[in-house]
Amino acid sequence: MDTVTQMLFGATVAQAGFRRRLGRKAMVAGALLGMVPDLDVVVGWVAGPFANWQYHRSLTHSLLFGPLLGPLFGWLFWRLHRAMVQERPDVANRDTLRAWIWLAILALLTHPLIDLFTSYGTQLLWPFTDHRFAINAMPIIDPLYSLVLVVALLFGSLRARSARAQDVAGAALLFIGIYSCMGWAINDRIQQIAAEQFDGPAEIDAYPLLFQPYYRRVVALTPDAAHVGYYSVLNPKPIAWQSFPQERSAATTAVAATEQAALFRWFAMDKLLWREESDGNGGRLVEATDLRYGLQGNADIGFWGIRARVGPGQEVQGPVEVFAIPRDSSRAAFRRFWAELTGW
């Protein structure tokens with residue numbers, strides 16, 4: 001999920017489990033701790049998109065990160081709490097330290113667990129394996145998901161009675177769990193529908209679209225092509241498939257053999273579309289696009305990819321570069337999206 005939602009989730013976890021013992025300070029600490037794992041994006045800012053693909057959602061998103069680093073973060077927040085309220089002896093005792101440690105562990109641990117429900121891929125078992133785990137249940141940003149957390153936190157901030165605030169936060173977390181599982185079930189159902197409607201054997205995956213769990217982009221991969229369609233459970237109708245040929249040539253093989261392409265294939269979980277065209281100088285321009293993310297219009301096949309030039313002798317010329325496909329953000333595109341989602 002996006003970092004803001006992760007902060008909201010961490011604060012809600014703190015409110016649900018630790019408001020009574022630690023007060024409203026727990027919510028602030030939970031928000032800060034919920035943000036910590038996403039600080040790994042700094043690597044991408046410094047070293048570029050290839051480094052971001054490799055290291056984002058790795059070490060800090062491992063299931064070991066919370067249990068190993070949580071005690072340290074908990075101890076730091078406990079010391080800060082003691083310094084702020086020196087006149088309260090109950091803050092300095094071991095029970096309060098234990099509460100801070102468990103708050104830190106849970107806030108850090110739930111971060112990768114809710115990221116798991118998005119398509120990006122999360123290295124939950126790092127460093128034992130770099131396998132990217134992903135459940136295509138939720139979009140990275142979902143306003144309803146975040147709004148429920150905001151309401152729970154506002155209630156907790158304004159409510160003096162901690163018991164009621166904890167109950168509301170617990171109810172919000174329960175709703176998030178049910179909502180995420182609903183998205184998972186919707187995805188599985190749409191994959192079944194797509195398999196029934198697609199003519200022939202294919203590897204079929206459905207991916208959440210923007211801001212809601214009901215409308216999905218479906219990709220059917222065959223050896224020769226990637227077939228892309230859309231399906232909404234709120235506006236069910238036959239999937240209109242678009243087919244994009246999968247290039248298999250000496251030029252694509254040359255680019256696929258590069259270190260950058262191997263990294264990109266791993267990042268995209270092998271959901272790639274390979275295309276090529278003449279570069280006008282006797283060589284070929286080869287592109288690989290990540291098929292997991294896309295949108296109707298000029299971004300049907302994806303949002304980003306890599307490209308490289310291949311010379312007449314099938315040698316890669318120059319660096320392998322990252323490119324982005326612009327999305328249609330016009331009002332007309334939004335109206336089309338809404339009409340396909342709802343039928344209105």
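**A tour from the sheet to the pockets**

Begin by selecting strand E2 (residues 215-221) and strand E3 (residues 225-232), which pair in the antiparallel sense over seven bridges; strands here are DSSP runs marked E of at least two residues and helices are runs marked H or I of at least four, both numbered from the N terminus, and two strands count as paired if DSSP finds at least two bridges between them. What is on display is a predicted model, in which local features need pLDDT of at least 70 and side-chain atom pairs count only at pLDDT 80 or more, while totals for chains, interfaces and linings use all residues. Residues are numbered from 1 along each chain as its sequence is written, and side-chain values use heavy atoms, with hydrogens and water left out.

Within this pair, pick Val-219, whose bridge partner in E3 is Val-228. Then widen the selection to the open sheet of four strands, which runs in the order E1-E2-E3-E4 with antiparallel pairing. E1 and strand E4 (242-245) are the edge strands, each pairing on one side only.

Next, go to strand E1 (203-208) and helix H11 (331-342), each of which supplies at least two residues of the lining of the largest pocket. A pocket, on a 1 Å grid over the protein atoms alone, is an open set of points where a 1.4 Å probe fits, with protein on both sides within 12 Å along at least five of seven lines, and its lining residues have an atom within 4 Å of a point. The largest pocket is lined by 33 residues, and Leu-209, Leu-210, Phe-211, Leu-295 and Phe-303 lie nearest its centre. Seven residues, the largest share of this lining, come from H11.

For the second largest pocket, select Gln-246, Arg-248, Asp-270, Leu-272 and Trp-274, which of its 16 lining residues lie nearest the centre. Helix H9 (250-256) and strand E5 (272-278) are the elements that give two or more residues to this lining, and the largest share, three residues, comes from H9.

Finish at helix H6 (residues 94-115), whose 22 residues should span 32 Å at 1.5 Å a residue, which agrees with the 32 Å between its end C-alpha atoms; the expected span is 1.5 Å times one less than the number of residues. At its N-terminal end, show the side chain of Asn-93, which caps H6 with a side-chain oxygen 3.2 Å from the backbone nitrogen of Asp-95.

Conventions: A polar contact is a pair of N or O atoms within 3.5 Å; within protein, one must be able to donate a hydrogen and the other to accept it, and residues adjacent in sequence count only if both atoms are side-chain atoms.
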